[in-house]
Amino acid sequence: MKDVKVKNNVSMLAKIDWELRHFHGEELSTHKGSSYNAFLIQEEKTVLIDTVWKPFAKEFVDALSRKVDLSKIDFIVANHSEVDHSGSFPELMRHIPDTPIYCTASCERFMRAQYHQNWNFKTVRTGDKLPVGNGKELVFIEASMLHWPDTMFTYLTGDNILFSSDAFGQHFASEMVWADKVDYNVMITEAIKYYANIVGPFGPFVIKKIQELQALNVPVDIICPDHGVLWRENPLQIVETYAKWANQYKENRIAILYSTMWNGTHIMAENIAKGIQEADPTVDVQIINLAHNDKNDVITEVFRSKGILLGSATANNNMLGEAAAMLCEIKALKFRGKKAAAFGSYGWSGEAPKLLSEGLKDAGFEVVADPLRASWQPDEAACAQCREFGANFAKAFA
Ligand code: FEO
């Protein structure tokens, strides 16, 4: 368990999980591991903010009890009830069953439903304050849908620290603690993947919450998310970055995602890419075989792109499984402000491109071209048609 000073009487007790490769069951890939960050405030009052994931509960409570007499913890703040932050509560509360737990009403509901314990919950709302002594207090800020209904932020006055729960985090294991101490490109790659895959559908809530935070006009010296490294050098940089990501974010990129059977749809993808590049060499085109790429990395690529082309061969009058699964994912993630079109090669009936095109519309993409089909292996004429299709897609952004 990593125990480091954050500022003055605030410290972080974190499990740096270098081993983690999948999270949310098997739903989310975590190539760089993660961390579960809990925080301890030792002013006149001793306050614990959040805990760590259940597999590390014993290790966490042992480390916490070496740091502080557990019976001296005056209260606990639960910013969010998901098990990666609340999972140590059963182990901890065995020792201090009556200690008050401050959280939102939804958090109490979710904690009761997960742990079936009648702990001493105290529900709070935005603006509620709790003195911790030495002239400092905690201010609670509900942050519903960032990324769960129960989420809240907690702000510590005096030290000007924002404990932001999952927001502004990264699944990124590092012993370096601070964002300014790590390889920025590697860390921000994980931060954008985390945003695209976890926070993305809640963009309007992100914008509203950031506006609310800005209206409070309070100094923020440090932002402490519950995953990854902490922000202290220009800490609001990550808030500004979130504001950008939440506002229909796009780069000058086009992603061609495809699922191929006997290579025909792959040949189409390459020719479409050529057409895009011929029409606009500034576009960074990505050609992504859905069977060979990590689902969450593909989603991150969709998030970064201004447009996508989704292709599939037809089998059994339908699209292939990887294309269907990706369509399902991108619909759920509610991407907005992105253009799209569909394509695919076929041997017999060729329904996939039309189904993909309808699916893209249904998923909230602006479909800017009729679906393109090529029969069997694309010949020179079909390849030329693909290049023209790609060029026209590139021109749709002019
Ligand atoms: Fe890191 Fe929503 O839990």
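Welcome to the tour: select α9 and α10 and look at how they pass each other, in a crossing that is right-handed. What you have open is a predicted model, so keep that in mind at each stop.

**Stop 1: α9 against α10**

Colour residues 295–304 for helix α9 and residues 321–332 for helix α10; their axes come within 11 Å and cross at roughly 55 degrees. That angle makes α9 oblique to α10. Now show side chains: K295, V298, I299 and V302 of α9 make the contact with M326, E329 and I330 of α10. Sorted by class, this contact holds five nonpolar and two charged residues, and no polar ones.

**Stop 2: α10 against α11**

As at the previous stop, the handedness is worth a look: α10 passes α11 in a right-handed crossing. On the α10 side, pick A323, L327, I330 and K331; on the α11 side, pick L356, G359, L360 and D362, and you have the residues that make the contact. By class they come out as five nonpolar, one polar and two charged. Leave I330 highlighted for a moment, as this residue of α10 takes part in the contact with α9 and also in the one with α11.

**Stop 3: α6 against α7**

Next, move to helix α6 (residues 203–216) and helix α7 (residues 236–246). Here the packing angle is about 140 degrees, with the axes 9 Å apart. The pair is therefore oblique, α6 to α7. Turn the view to follow the crossing, in which α6 passes α7 in a left-handed way. G203, V206, I207 and I210 are the α6 residues of the contact, and V239, Y242, A243 and A246 are those of α7. Seven of the contact residues are nonpolar and one is polar, while no charged residue takes part.

**Stop 4: the largest pocket**

The largest pocket has a volume of about 310 Å³. To centre your view there, select M261, W262, T314, Y346 and G347, which are the closest to the pocket's centre among the 18 residues of the lining. Which elements each supply at least two residues of this lining? Select α8 (264–279), β18 (314–315) and β20 (339–346) to see them. Colouring the lining of the largest pocket by class gives eleven polar and seven nonpolar residues, with no charged ones.

**Stop 5: the cavities**

Hide the surface and look inside. How many cavities of 30 Å³ or more does the structure hold? There are three of them, and the largest cavity contains about 50 Å³ of space. Its lining is made up of K2, M12, I16, S35, N37, F172, S174, V177, G228 and V229. Strands β2 (10–17) and β5 (34–42) each bring at least two residues to that lining.

**Stop 6: two backbone details**

Finish with the backbone and zoom in on two histidines. Start with H147, in the loop between β11 (136–142) and β12 (152–156). The peptide bond that joins L146 and H147 is cis, with omega at about 15 degrees. Then go to H116, in the loop that runs between α4 (105–115) and β9 (121–123). Is phi of H116 positive or negative? Phi is positive there, at about 55 degrees, although H116 is not a glycine.

Technical notes:
Residues are numbered from 1 along each chain as its sequence is written. This is a predicted model: local features need pLDDT of at least 70, side-chain atom pairs count only at pLDDT 80 or more; totals for chains, interfaces and linings use all residues. Side-chain values use heavy atoms; hydrogens and water are left out. Axes are lines fitted to C-alpha atoms, for helices over the stretch in contact, and angles run from 0 to 180 degrees between N-to-C directions. Helices (H or I, at least four residues) and strands (E, at least two) are DSSP runs, numbered from the N terminus. Angles under 35 degrees count as roughly parallel, over 145 as roughly antiparallel, 65 to 115 as roughly perpendicular and the rest as oblique. A crossing is left-handed if the near helix is turned anticlockwise from the far one by less than a right angle, and right-handed if clockwise. Contact means heavy atoms within 4.5 Å. Ala, Val, Leu, Ile, Met, Phe, Trp, Tyr, Cys and Pro count as nonpolar, Asp, Glu, Lys and Arg as charged, and the others, Gly among them, as polar. On a 1 Å grid over the protein atoms alone, a cavity is a set of points where a 1.4 Å probe fits but cannot get out, and a pocket is an open set with protein on both sides within 12 Å along at least five of seven lines; lining residues have an atom within 4 Å of a point. Grid points are joined across faces, edges and corners, and a volume is the space filled by probe spheres set on the points.
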